Amino acid sequence: MSSKILAIESSCDETSASVISNGKILSNIVANQEIHSKYGGVIPELASRAHQQNIVLVTKIALEKANINKKQLNALAFTRGPGLLGPLLVGISFSKAMALSLNIPLIDVNHMQAHILAHFIDDPKPNFPFLCLTVSGGHTQIVLVKSALQMEVIGETQDDAAGEAFDKAAKLMGLPYPGGHLIDKYGQEGNPLAFKFPESAMQGLNFSFSGFKTSVLYFLRDETEKNPNFVRDNLQDLCASVQHAIVGMLLAKLKRASRETGINEIAIAGGVSANSYLRKRLQEAGEKLRWNTYIPQFEYCTDNAAMIAMAAHFKFEAGEFCGHEVGPLPRLAI
Ligand code: KG4
Ligand code: ZN
């Protein structure tokens, strides 16, 4: 059966809409919210208001770019969670209203599953079962992906997410929010072995980044007492060393997960998978360990509705729809 689905993403600070037709993405429009950078983090109330302002226009452009009339849609998909309650509510209320007015079914999508399913937008696609390191501003997980709709979290962070570790380290260095991509940018010119930060001793496949964050805090405090310009004088080496430590912790657990499961189809997903050092180190590990590695295109790493549309496509094929009484689940698990 032919399927044309409009998907809406509004879980955090990107308002996005995408149209997918029979599994092929026709448009993916993303409106970023600059407003949060001066506050050093996402302010949920401001995010909700910005979603409210942007959602109609973003949807209109997504439909136009796809050359689809809304009356041709077969279903409407939205991010149900995890995410911020207010921002989720804007996307869900909008989707429900539009689905009701068009008399088409709704598909609820798990945001973390969608990050993983972004790998099915373009070739090469991973083979099942595969392992996916899903690293974003709110999550750090190793997921055993058995099929498009069957996933099991086999390791996850016990405190901060990897993206949070990047953003907090950036903030300590005086960089604006979100600082992950700036650490990446400055780190490319620096020496990753210039400064050594301790790696967590978390058991098994779980992660911990809170000790790392504290060690960066004390290190910068002590060095700045000796030289007030320490950060400015060493920014590139500091950024390279910070990402070396975070990426080292991520890869160590990924290698362990591959050994324990015997799976060598290895993917990364989520905002932090845009990090060039992680991408490079994953490729190197893959060559050495004979993994088949899958790295998403940049536009599908950070939050976007194309990944929600891709997940919705799989649910549509499986006949998994939800009722109009559905509500947001800010802490939805995979
Ligand atoms: O997946 P995402 O867009 O939103 C969430 O679902 O959280 O991920 C955002 C996170 C932020 O912490 C951001 O700093 C980080 O991804 N990030 C990066 C890079 N680009 C985005 N971290 C390191 N290097 C990057 N190039
Ligand atoms: Zn995300």
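Author: A helix here is a DSSP run of H or I with at least four residues, a strand is a run of E with at least two, and both are numbered from the N terminus. The model is predicted: local features need pLDDT of at least 70 and side-chain atom pairs count only at pLDDT 80 or more, while totals for chains, interfaces and linings use all residues. Residues are numbered from 1 along each chain as its sequence is written, chains are lettered from A and ligands numbered from 1 in the order in which they are written, and side-chain values use heavy atoms, with hydrogens and water left out.

Reader: What follows helix α4?

Author: Gly174 follows α4, and its phi is positive, near 80°. The helix itself covers residues 162–172. By the rule of at least four residues, that run is called a helix.

Reader: Which residues of α4 are buried, and what makes them so?

Author: They are Ala162, Gly163, Ala165, Phe166, Asp167, Ala169 and Ala170. Buried means under 20% relative accessible area, exposed means over 50%, and partly exposed is in between, with a 1.4 Å probe and protein chains only. The elements that cover these residues include β6 (130–135), β7 (140–147), α5 (180–187), α6 (210–226) and α7 (230–261).

Reader: How many helices and strands does the chain have?

Author: The chain has nine helices and ten strands.

Reader: What makes β1 and β2 a pair?

Author: Two strands pair if DSSP finds at least two bridges between them. Strand β1 (residues 4–9) and β2 have six bridges, so they pair, and the sense is antiparallel. Glu9 stands opposite Ser16 in β2. The two strands form a hairpin with four residues between them.

Reader: How do β2 and β3 pair?

Author: They too are antiparallel, over eight bridges, with β3 covering residues 24–32. Ser21 stands opposite Lys24 in β3. This hairpin has two residues between its strands, and Asn22 in the turn has a positive phi of about 50°.

Reader: Why is β2 called mostly covered?

Author: Eight of its eight residues (14–21) are buried. Glu14, Ser16, Ser18 and Ile20 point one way, Thr15, Ala17, Val19 and Ser21 point the other way, and all are buried. In a regular strand the side chains alternate between the two faces of the sheet.

Reader: Is Cys301 buried or exposed, and how do you know?

Author: Its relative accessibility is 0%, and the limit for a buried residue is under 20%, so Cys301 counts as buried. Cys301 is in the loop between β10 (292–294) and α9 (305–317).

Reader: Which residues is Cys301 in contact with?

Author: Contact means heavy atoms within 4.5 Å. Leaving aside neighbours within four places in sequence, Cys301 is in contact with His115, Gly270, Gly271, Ser273, Ala274, Arg279 and Pro296.

Reader: Is Asn67 buried or exposed, and how do you know?

Author: Its relative accessible area is 68%, and exposed means over 50%, so Asn67 is exposed. Asn67 is in the loop between α1 (44–66) and β4, and its phi is near 60°, a positive value in a residue other than glycine.

Reader: And what of Asn103: buried or exposed?

Author: With a relative accessible area of 70%, Asn103 is exposed. Asn103 is in the loop between α2 and β5 (106–110) and has a positive phi of about 60° although it is not a glycine.

Reader: Which peptide bond joins Gly81 and Pro82?

Author: A cis bond joins them, with omega about -5°. Pro82 is in the loop between β4 (75–81) and α2 (85–102). The bond from Phe128 to Pro129 is cis, with omega near -10°, and Pro129 is in the loop between α3 (111–117) and β6.

Reader: How does the radius of gyration of the chain stand against a compact globule?

Author: The radius is taken over C-alpha atoms, and the globule rule is 2.2 Å times the number of residues to the power 0.38. For 334 residues a compact globule would have a radius near 20 Å; the chain has 20 Å, so the value agrees with the rule. The C-alpha atoms fill a box of roughly 65 × 45 × 30 Å along the principal axes, and 54% of the residues count as buried.
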